[in-house]
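Hello,

Here is the structure I promised to pass on to you. Have a look at it first, and then read my notes below.

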Amino acid sequence: MRFLVGILISLGFLYYAFRGQDYGAIWSALKGVNYLLLLPALALYFLGVVVRTYRWSVLLSPMEKIPVRKLLPVTAIGFMANNILPLRTGEVVRSFVLSKNFGVRKTAALTTIAVERIFDGITMVGFILIAATTIDLTNELRHVVKIAVVLFAIAVSGLGIATFARNLRTTMLQFGLKFIPVAIRGKIEHMAESFFFGLESLRSPKLIGAVALSSITAWGLEASMYWMVARAFGGSVRAIMGLPETLLTTGIANLATLVPSSPGYVGPFEAGIKTVLNGALGVDAAQALSYAIVVHACLWFPITVWGAMEWSRMHLSMRQVNAEAGPVSPDTIPSAATRIEPTVSSIQSNAA
């Protein structure tokens, strides 16, 4: 069902992006690309992957200090899984592999990945707002920015409450547990404790600074990849892609991938780039779509191959993920989780 829903969403975006297009012109634009220039573009992208992995290691550091070189294969597997599984299922796969290799509880790992997505979204909105100082956004793009600002403001507010308002979050949790069947109430409580523990890095200004800086750096490297791919094109794409245009394209394209869709974000990504290049910047639609196809290929193929190699090296299978990626039973919580202060249970004891 998840796969079917993702496919239907992608088909809708693909129809929006490619309806009425001249496919001969798209093919002609693809044949004119200087593919040698994609090599430095890929180097920039993979350097960004390393920076993203460093960011994840910072978020994980209160639970487990994992060197970047050991965490890189897990990151590659997660990216690969997102590229071949629908609805961002790769995030679950990444948390499973991390738990299997390093003993970090899956709920806590998923929490750190969710924090990553929030920092990603904030960075993308920042890119768009910087670009908007020199580029006149279309009404469609303004609506996207407004929705993104509202959603990420809510997400940041929720993170703030969950991280710093401990008494409030405990009260809210206790209220919610009243509506949970007694048979699973203990498991849900332990999952909540693990979720809160996954936010511990946000309590440190130093760690927050490192996460914010690495987010900007990683996305700056990916934006540089977008710019370098534009150098491989002739015509209007290469002429139009300056710094503001690159930031706007990167921001909108990646906000579009937050929409749950088919494996590899096929459809939303192309629609996002076309909306910017053709709708806001006046680039020919065939050129815009051919550029989107090349950028998407650079983002998809190399990391998917790398992730598949790491997956094979670790002798993993999707059957393992399906069988083991669910909630961990309370007796398997890592001892580090006992350092969460205050936990729900300790507050209950103090109250008693």
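**What I found**

Leu-11 counts as partly exposed, because its relative accessibility is 48%; buried means under 20% relative accessible area, exposed means over 50%, and partly exposed is in between (1.4 Å probe, protein chains only). Before going on, please keep in mind that this is a predicted model, in which local features need pLDDT of at least 70 and side-chain atom pairs count only at pLDDT 80 or more, while totals for chains, interfaces and linings use all residues. Residues are numbered from 1 along each chain as its sequence is written, and side-chain values use heavy atoms, with hydrogens and water left out.

Back to Leu-11: you will find this residue in helix H1 (residues 2-18). Helices here are DSSP runs (H or I, at least four residues), numbered from the N terminus. Together with Met-1, Leu-4, Val-5 and Leu-8, Leu-11 makes a nonpolar surface patch of about 530 Å². For such a patch, residues need over 30% relative accessible area and no salt bridge, and nonpolar side chains (Val, Leu, Ile, Met, Phe, Trp, Tyr) are joined within 5 Å. The areas come from the Shrake-Rupley method with a 1.4 Å probe.

**Salt bridges**

How many salt bridges are there? The count comes to 10, where a salt bridge is a side-chain nitrogen of Lys or Arg within 4 Å of a carboxyl oxygen of Asp or Glu.

Glu-91 is buried because its relative accessible area is 9%, and Arg-117 is buried because its relative accessible area is 18%.

Another salt bridge links Asp-136 and Arg-142, whose closest N and O atoms are 3.0 Å apart. Is Asp-136 buried or exposed? Asp-136 counts as exposed, because its relative accessibility is 60%. Arg-142 has a relative accessible area of 32%, so Arg-142 is partly exposed. Elsewhere, salt bridges that share partners join Arg-55, Arg-88, Glu-91, Arg-94, Glu-116, Arg-117 and Asp-120 into one network.

**Helix packing**

Two packed helices are described by the angle between their axes and the distance between the axes. The axes of H6 and helix H9 (residues 182-197) come within 7 Å and cross at roughly 40°. That angle makes H6 oblique to H9. Angles under 35 degrees count as roughly parallel, over 145 as roughly antiparallel, 65 to 115 as roughly perpendicular, and the rest as oblique. Axes are lines fitted to C-alpha atoms, for helices over the stretch in contact, and angles run from 0 to 180 degrees between N-to-C directions.

Helix H13 (residues 268-280) and helix H14 (residues 285-313) pack at an angle of about 140°, with their axes 9 Å apart. H13 is therefore oblique to H14.

**Sequence and space**

Pro-40 sits in helix H3 (residues 38-60). Pro-40 and Val-229 are 189 residues apart in sequence, and their C-alpha atoms are 9.0 Å apart in space. For Gly-234 and Leu-221, the separation is 13 residues in sequence and 22 Å in space, C-alpha to C-alpha.

Enjoy exploring!

Definitions and conventions. Patches are made of residues with over 30% relative accessible area and no salt bridge: like charges are joined within 9 Å, nonpolar side chains (Val, Leu, Ile, Met, Phe, Trp, Tyr) within 5 Å. Helices (H or I, at least four residues) and strands (E, at least two) are DSSP runs, numbered from the N terminus.
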